[in-house]
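Here is a walk through one structure, taken a region at a time. Keep the sequence and the model side by side as you read.

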Amino acid sequence: MDDIDAWVWWLIGAAGLGIPLVVTAMPEFGMFAVGAVAGALTAGLGGGVVLQVLVFVAVSVALLAVVRPIAARQRAQMPQLATGIDALKGKQAVVLERVDGSGGRVKLAGEVWSARALDTGRTYEAGQEVDVVDIEGATAIVM
């Protein structure tokens, strides 16, 4: 073991930290792996063991402090893609058969849907455009 240089051990450690990064998709392991590569670079340039460990810790902590909040902010700002019935909420539909509080039919997104008025006292006649407020099962709630 004395024949292997310190920088090789740091690279082995970086590879070892890369495995859980891939398996668990936790970016923190990647940041520690980059810190280990920085430790290997320090060892390759002739830095002592204490300096290698300090560089590893400094780079890892710096990445955690800088990259992690940016990634969290980016993840929070990503718009959610609405699919399925969630994508139909807020769309407009055309009344095919009179819609009231007990039922009716609308054409929504190219398909015929059963529909019910949100306000039970309100009726919508054929040809009117209505807004889809919600979907309950296979029934569009409109207003």
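Begin at threonine 42. Leaving aside residues up to four places away in sequence, threonine 42 touches Gly47, Leu51, Gln52 and Val55. Threonine 42 sits in helix α2. Is this residue buried or exposed? Threonine 42 has a relative accessible area of 12%. The cut-off for buried is under 20%, so threonine 42 counts as buried. Bear in mind that the model is predicted.

Stay with helix α2 and bring in helix α1. Helix α1 covers residues 6-24, and helix α2 covers residues 27-44. Their axes come within 8 Å and cross at roughly 170 degrees. How are the two helices oriented, then? That angle makes α1 roughly antiparallel to α2. On the α1 side they include Trp7, Trp10, Leu11, Leu17 and Leu21. On the α2 side they include Phe29, Phe32, Ala36, Val37 and Ala40.

Next, look at the charged pairs. How many salt bridges does a search of the whole structure find? The search finds five. One of them joins glutamate 28 to arginine 68, with the closest N and O atoms 2.8 Å apart. Glutamate 28 belongs to helix α2 and arginine 68 to helix α3, so this pair ties together parts that are 40 residues apart in sequence. The two partners can be compared by their accessibility. Glutamate 28 is buried, at 17% relative accessible area. Arginine 68 is partly exposed, at 46%.

Helix α3 spans residues 49-77 and also holds valine 61. Valine 61 has a relative accessible area of 48%, so it is partly exposed. This residue belongs to a group. Val49, Val53, Val57 and Val61 form a nonpolar patch on the surface. Together they have about 330 Å² of accessible area.

Aspartate 134 and lysine 89 meet through their side chains in a salt bridge, at 3.4 Å from N to O. Aspartate 134 lies in strand β4 (residues 129-136), while lysine 89 lies in the loop between α3 and β1 (92-100), so the pair ties together parts that are 45 residues apart in sequence. Both ends are partly exposed: aspartate 134 at 27% relative accessibility, and lysine 89 at 36%. Which residues are linked in a network of salt bridges? They are Asp86, Lys89 and Asp134.

Glutamate 136 is partly exposed, at 44% relative accessibility. Arginine 116 is partly exposed too, at 26%.

Finish in strand β3, at alanine 115. Alanine 115 is buried, with a relative accessible area of 2%. What does it touch, beyond residues up to four places away in sequence? Its contacts are Val99, Gly103, Gly104, Arg105, Val106, Thr139, Ala140 and Val142. Take glycine 103 from that list. Alanine 115 and glycine 103 are twelve residues apart along the chain, and their C-alpha atoms are separated by 5.5 Å.

Terms used: Residues are numbered from 1 along each chain as its sequence is written. This is a predicted model: local features need pLDDT of at least 70, side-chain atom pairs count only at pLDDT 80 or more; totals for chains, interfaces and linings use all residues. Side-chain values use heavy atoms; hydrogens and water are left out. Patches are made of residues with over 30% relative accessible area and no salt bridge: like charges are joined within 9 Å, nonpolar side chains (Val, Leu, Ile, Met, Phe, Trp, Tyr) within 5 Å. Accessible areas come from the Shrake-Rupley method with a 1.4 Å probe; for residues, only the protein chains shown count as cover. A salt bridge is a side-chain nitrogen of Lys or Arg within 4 Å of a carboxyl oxygen of Asp or Glu. Helices (H or I, at least four residues) and strands (E, at least two) are DSSP runs, numbered from the N terminus. Buried means under 20% relative accessible area, exposed over 50%, partly exposed in between (1.4 Å probe, protein chains only). Axes are lines fitted to C-alpha atoms, for helices over the stretch in contact, and angles run from 0 to 180 degrees between N-to-C directions. Angles under 35 degrees count as roughly parallel, over 145 as roughly antiparallel, 65 to 115 as roughly perpendicular and the rest as oblique. Contact means heavy atoms within 4.5 Å.
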